[in-house]
Amino acid sequence: MAGFKLRRSLLYVPGNMPSMLQNIPIFNCDSVIIDLEDAVPLSEKDAARHLVRHFLLNYTDRNKELLVRINPLDTKWGYEDLKVVLPAMPDGIRLPKADTPEIVERLDTLLTEFEEELEVEIGRFGILPSLESALGVINAVGIANSSERIFALAFGAEDYTASMEIERSRGGEELFNARTRVLWAAKAKGIQAVDTIFADVSDMEGLRNETELAKRLGYTGKCLVNPRQIEVVHDVFAPKQHEVEYALQVIEAIQRARQLGTGVIALGGKMVDAPVVKRAARVLRTAYAHGMVDTLIDEEAIHGAQ
Amino acid sequence: MALNSLGREIPESYAGKPLIPYGDPFAIRPVGTVAARPLKRVNPGEKKLLSSLREAIEASGLKDGMTIATHHSLRNGDFLLNRIVAEIADLGLRGIWIASSSVHPVHAEIIPHIKSGVIAGFQCGVNGLIGEMATKGEISCPIVVRTHGGRARSVIEGSVPIDVAFIAAPCCDEYGNMNGYYGPSACGSLGYAQIDATYASRVVAVTDNLVPFPVVPVSIPQTLVDYVVVVDRLGDPAKIVSTTTRVTTDPVGLQIASYAAQVIEAAGLLRDGFSFQTGSGGISLAVAEKVRNAMRKGSIKGSFGCGGITGYFVEMLEEGLFSALMDVQCFDQEAVQSIGRNRAHQEISADMYANPFNAGAVVNRLDCVILGATEVDTSFNVNVNTESNGYLLHNTGGHSDTAAGAKLSIIVAPSIRGRLPIVRDRVTTITTPGETIGVVVTERGIAVNEKHAELKEELIRRKLPVKEIGELQREICRVTGTPRPLEFEDEVVAVIEYRDGSIIDVVRRVKE
């Protein structure tokens with residue numbers, strides 16, 4: 001579980017708006033996706049990527065993960081975006097329209113070349129592919145396995161519904177199959193799954209319902225279009241107090257078990273073994289991020305001493 | 001010139017009166033007795049009702065150089081002060097001092113009468129153009145800025161004797177009983193006017209809603225009122241609302257509100273018996289909204305909400321989250337309607353609200369107050385009077401009173417205002433001393449005054465972005481750059497009086 005990173009909230013910020021960029025440090029979302037793609041008009045593509053580069057270079061006390069959504073690599077802007085922005089060291093690239101494994105592989109190769117040129121560790125730049133078409137959803141498994149840089153799969157419902165020639169509804173029934181397929185691919189690969197945006201900024205109840213649905217299905221985070229949405233999303237993803245208490249009991253029980261030389265023990269009449277411990281560890285790490293427990297659980301508690 | 005304890009140069013006297021430099025918030029002990037005024041007798045059959053404002057001014061015996069007062073409960077919707085000053089000018093009087101509870105932008109109409117010498121000066125703070133012109137040197141009249149509690153003190157102790165109080169009375173009878181609850185110009189609480197009615201030598205009730213005797217409930221009784229005059233309109237109550245009364249939707253404002261609400265929780269104040277004050281304005285209301293949700297969630301039964309009361313606090317009262325509202329002034333129509341129908345919505349005088357020189361004001365019972373700022377400095381001193389251009393634009397209100405009284409005073413402000421950093425080395429004007437400020441909350445971090453060390457530790461434990469105030473300043477200045485200091489002339493255009501009567505700062509003429 002080394003390298004566990006909480007990604008409940010990934011906030012989009014337009015790359016061509018200095019007033020919004022300068023507020024990035026203040027919001028307590030887990031990640032920011034600075035957008036060079038859809039939010040930026042064609043006439044500002046060039047200016048925006050330089051603005052973003054300078055913002056990143058000056059943002060030295062980084063307090064959240066920084067991703068940049070580049071333009072698709074088959075447009076004339078995609079490569080330039082990488083060339084200008086990567087030297088300013090974002091944490092990763094959100095790749096739009098990742099319809100096939102080959103598209104992701106191409107980005108992977110480019111990132112390796114830039115890493116060599118910039119003399120940074122290979123694999124430093126992560127990839128968050130957007131599955132946002134029927135083709136992308138069908139190829140989810142292949143895409144998840146196309147690069148070791150991929151830390152999560154993101155589902156994009158707006159483009160997906162367009163590619164399906166359907167409307168997006170408030171209940172989201174039409175997205176169910178696609179959401180599930182993206183999840184399966186992510187979970188099979190052991191990476192995170194990030195749900196699509198909820199566009200109506202004034203409808204907090206709708207946002208809460210949709211986030212609760214995504215969480216129940218297995219999503220670990222959600223993309224956001226407005227900072228006002230952060231609080232609701234964090235609230236949904238926060239573990240409940242009784243879950244935290246139970247998780248603490250599980251960890252204590254398994255530590256007792258190890259002292260007794262076994263990996264299985266009963267807690268309140270139920271068996272505690274590796275999968276239960278793993279789930280408890282995940283709850284406690286999330287609880288730590290929410291300030292609900294004071295110490296971060298260590299690896300030894302989860303896996304036992306080597 | 002003497003330096004006060006905050007390092008500000010205070011002249012020895014101002015407008016002919018000696019000044020006491022500020023020392024600390026709680027040390028000055030009052031001596032003497034409350035001010036007296038003449039005894040009166042009104043025999044059966046004598047009438048108080050006069051036919052016009054002019055007749056009332058004449059009957060009151062107002063002379064050159066005397067002091068008049070009005071209340072500001074109709075805020076920027078007040079018509080009365082302008083009318084009185086116009087009548088006084090018509091009567092040929094000169095050198096009149098205004099000691100109203102506050103003066104608003106609508107009163108810019110009296111500026112020609114300042115220039116002509118009808119009005120000599122202000123024994124109260126001013127909002128808007130009058131202060132701006134004074135700071136630019138375009139008009140010349142002394143201004144003594146006072147807090148709400150400090151104004152009540154100055155009148156009660158007799159250092160500002162009011163010769164004639166003109167009280168806008170939204171609901172009044174011919175014998176002078178009045179309240180502010182009902183009528184076309186209803187403004188709710190008459191908390192400021194209660195002081196004037198009690199201590200002014202002559203009291204004139206002015207109404208646009210004369211009702212049959214007796215008015216009940218009685219906010220100001222007939223025993224204090226000399227004359228009653230009817231006018232067509234006292235004011236426009238729609239303009240009582242001077243700032244927004246809706247929760248902000250700005251993500252930066254909401255972030256600040258969220259931090260402030262978490263500070264209140266972390267301070268351990270959110271328990272049964274909680275007492276709270278916020279102003280109007282989007283961020284304050286957003287804090288109130290979050291506090292309300294937290295109170296609901298924890299089934300907390302608060303004690304009282306205080307201050308300028310908004311519809312927000314009325315809802316909290318009606319929901320049972322507070323057992324009472326202590327209301328010196330209504331900030332919107334919802335509050336005005338509530339005070340007329342709900343006995344738990346208590347009208348209080350400015351004396352009871354915030355006067356430091358009585359047997360204990362309501363502000364002393366506050367757990368927490370949310371306050372604004374135009375600037376804060378690295379010693380936590382707060383400015384609300386002048387803007388960063390040096391112009392005197394705002395009155396103090398209850399800022400310093402509540403900061404001194406409450407267990408925890410929280411300043412909420414965006415870190416950048418009009419391209420300028422909110423945290424400065426030195427605020428342009430000190431309104432409220434840093435030793436009475438607990439926490440400064442901006443969207444870029446939370447600075448805690450060292451006297452709240454335990455709270456600071458708890459905030460860190462809760463992973464809130466606690467920063468030293470100097471660190472916060474440097475971080476903001478990395479975005480804004482460091483502003484060039486303003487330049488001032490030596491001439492003092494206004495003094496900022498602390499609630500106890502000492503002088504915390506002065507406003508000097510801006511070098512243009």
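This report visits two helix neighbourhoods in chain A and one buried serine in chain B of a predicted model.

Residues are numbered from 1 along each chain as its sequence is written, and chains are lettered from A in the order in which they are written. In this predicted model, local features need pLDDT of at least 70 and side-chain atom pairs count only at pLDDT 80 or more, while side-chain values use heavy atoms, with hydrogens and water left out.

Let's start with a pair of helices (DSSP runs of H or I, at least four residues, numbered from the N terminus).

| Helix | Residues | Chain |
|---|---|---|
| α8 | 176-189 | A |
| α9 | 204-217 | A |

Their axes, lines fitted to C-alpha atoms over the stretch in contact, come within 11 Å and cross at roughly 45°. That makes α8(A) oblique to α9(A); oblique angles are those left once under 35 degrees (roughly parallel), over 145 (roughly antiparallel) and 65 to 115 (roughly perpendicular) are set aside. Phe176(A), Arg179(A) and Leu183(A) of α8(A) meet Glu210(A), Leu213(A) and Leu217(A) of α9(A), where contact means heavy atoms within 4.5 Å.

Next comes α10(A), residues 230-237, with six of its eight residues buried, meaning under 20% relative accessible area with a 1.4 Å probe, protein chains only. Among them are Ile230(A), His234(A) and Phe237(A). The cover over the buried residues includes α9 and α12 (274-289) of chain A.

Finally, over in chain B, Ser415(B) lies in the loop between β22 and β23. Ser415(B) counts as buried because its relative accessibility is 0%. Its side chain makes a polar contact with the side chain of Glu443(B) at 2.6 Å; such a contact is a pair of N or O atoms within 3.5 Å, one able to donate a hydrogen and the other to accept it.

Key
Axes are lines fitted to C-alpha atoms, for helices over the stretch in contact, and angles run from 0 to 180 degrees between N-to-C directions. Buried means under 20% relative accessible area, exposed over 50%, partly exposed in between (1.4 Å probe, protein chains only).
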